[in-house]
Amino acid sequence: MQDLATKFANLTIQSDFIFKKVMSRKRICKHLLEELLQIEIADINYLEAEKTLEPEYTSRGIRLDIIVADDKNTHYNLEMQVKNNKNPDTDTYVLPKRSRYYQALLDIDLLQKGQPYDLLPPTFIIFICVFDFFEQGNYVYTFKKCCLENRELELSDEATTMILNTKGTHGDISKDIKSFYDYVNNHIVTTDFTKQIDDEISYLKLDTKVRREFMLMEARLLDERREGEAVGIAKGKEIGLAEGEAKEKLATAKRMLAKGCYSLEVIAELTNLSLADVEKLKEEA
């Protein structure tokens, strides 16, 4: 538990846990959206069933992104992305498909509230990345659907994906967004906005309830990782035993074939191999 306490004390805005807590403060989240999109927002409402990470919730049920709607019914999904993860099986980066999945979840949630699809509101999926996914140096990468045959022709589904690059070097962003990037990267306070964020984090770290939520969440995640490792080890042993048994069956069949006094049908029956496998062994002998 001491290690978890130390980890909590060292958390920064890059932590999913702290990011969600900070962005659950309306004045901070609202200002970030206004500065990023250069619009005025009268108010925002949080749409998650649970805005805070209450201890009684299991880690599988915890959402570490922020979902809000503004006064014009535009919906926003914000998430911090620290690692540019790859799928080890396909060796492809997961961020693009992750954005697609988030868009689908957001739309499904809206449709479940009884809205017909043609009344789906405008949406923004916003990933705050501490890496340059596209390696172009932009502060912001904004995506909408357009026609490949005519790039000026846009599919007006009102769905926008924004990949923010805190390591960017060029583009048109406000002073407060640039200061936010600097704060995310290096914990540097340069504006009143980042001072508000820094003060909020300091306040959160003094809150015993918040500390307890984090430690319980981490403990649950650790339990799940251990459980997953145990299942993996057990499955590995099971696979190893099965492979060992299969090799032993083949070796027994080969010995019986070498003696030349057993029919193929008998060998198949005694080794639990298929007749086709025994015939194949005979051909290879």
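## Surface and overall make-up

The chain has an accessible surface of about 17,400 Å², and carbon and sulfur atoms account for 52% of that (Shrake-Rupley method, 1.4 Å probe; for residues, only the protein chains shown count as cover). Of the 285 residues in the chain, 38% are buried (under 20% relative accessible area; exposed is over 50%, and partly exposed lies in between, with a 1.4 Å probe and protein chains only).

This is a predicted model, where local features need pLDDT of at least 70 and side-chain atom pairs count only at pLDDT 80 or more, while totals for chains, interfaces and linings use all residues. Residues are numbered from 1 along each chain as its sequence is written, and side-chain values use heavy atoms, with hydrogens and water left out.

## Helix α6

You will find nine helices and eight strands in the chain (DSSP runs numbered from the N terminus: H or I of at least four residues for helices, E of at least two for strands). Helix α6 covers residues 192-206. Its buried residues are Phe193, Thr194, Ile197, Asp198, Glu200, Ile201 and Leu204. They span an arc of only 155° around the axis, which places them on the same side of α6 (the arc is taken from the directions from the helix axis to the C-beta atoms). On the other side of α6, Asp192 and Leu206 are exposed.

## Leu270 on the surface

Helix α8 (residues 264-271) contains Leu270, which is exposed at a relative accessible area of 58%.

Technical notes: Expected span 1.5 Å × (residues − 1).
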